[in-house]
Amino acid sequence: EHVLAILAGHPAEPGRKLEAFALLNALTALFAHNERAAADTDTKRQTAYLGHVVAAGTHPYITATVAALGGSTPADQFDETIRRTLTGILG
């Protein structure tokens with residue numbers, strides 16, 4: 001109800017508004033799941049390995065992609081992902 005009330009004046013079709021709401025819920029769950037998994041030992045190992053790959057410089061596309069992320073935090077990434085997703089769905 002709250003989301004639909006916020007979107008009441010938006011010109012998007014009702015179906016698009018429901019899609020936006022569904023995607024908002026799904027992305028929130030996904031980010032929460034990933035944040036929780038970040039404390040997992042396997043995830044820490046994977047992150048360390050990725051750091052090793054970047055430092056070795058043998059995978060230029062991975063290195064460039066990681067470098068482009070800069071110092072963005074998960075909160076920054078969440079906000080930007082939500083903004084781009086809702087803009088894409090709702091126009």
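The model is a predicted one, and its chain holds five helices and zero strands. Read from the N terminus on, the elements follow one another as α-α-α-α-α. The radius of gyration of this chain is 18 Å, well over the 12 Å that the globule rule gives for 91 residues, and the chain is therefore more spread out than a compact globule. Taken along the principal axes, the box that the C-alpha atoms fill is roughly 50 × 25 × 20 Å.

How much of the chain is buried, and how much surface does it expose? Buried residues make up 11% of the 91 residues, while the exposed surface comes to about 6900 Å², of which carbon and sulfur atoms supply 63%. Among the contacts in the chain with a separation of 6 or more, 57% are accounted for by residues 24 or more positions apart. As for charge, the chain carries 7 positive and 9 negative side chains, and the centres of these two sets lie 3 Å apart.

Just after α3 comes Gly57, which takes a positive phi of about 75 degrees.

Two residues further along the chain can be set side by side. Gly70 lies in the loop between α4, residues 60-69, and α5, whereas Thr81 has its place within helix α5, residues 74-90. Is each of them buried or exposed? Gly70 has a relative accessibility of 57%, and because exposed means over 50%, Gly70 counts as exposed. Thr81, at 18% relative accessibility, falls under the 20% limit for a buried residue, and so Thr81 counts as buried.

Which residues does Thr81 touch, not counting residues up to four places away in sequence? Thr81 touches Leu27 and Phe31. For Gly70, a distance can be given instead: the C-alpha atoms of Gly70 and Phe21, which stand 49 residues apart along the chain, are separated by 29 Å.

Technical notes: Residues numbered from 1 in each chain as written. Predicted model: local features only at pLDDT ≥ 70, side-chain atom pairs only at ≥ 80, totals over all residues. Heavy atoms only, no water. Helix = DSSP H or I, 4+ residues; strand = E, 2+ residues; numbered from the N terminus. Rg over C-alpha atoms; globule rule 2.2 N^0.38 Å. Buried < 20%, exposed > 50% of the residue type's maximum accessible area, 1.4 Å probe, protein only. Contact = heavy atoms within 4.5 Å. Areas by Shrake-Rupley, 256 points an atom, 1.4 Å probe, with all protein chains shown as cover. Lys, Arg positive; Asp, Glu negative; His and termini not counted. Charge placed at Lys NZ, Arg CZ, Asp CG, Glu CD.
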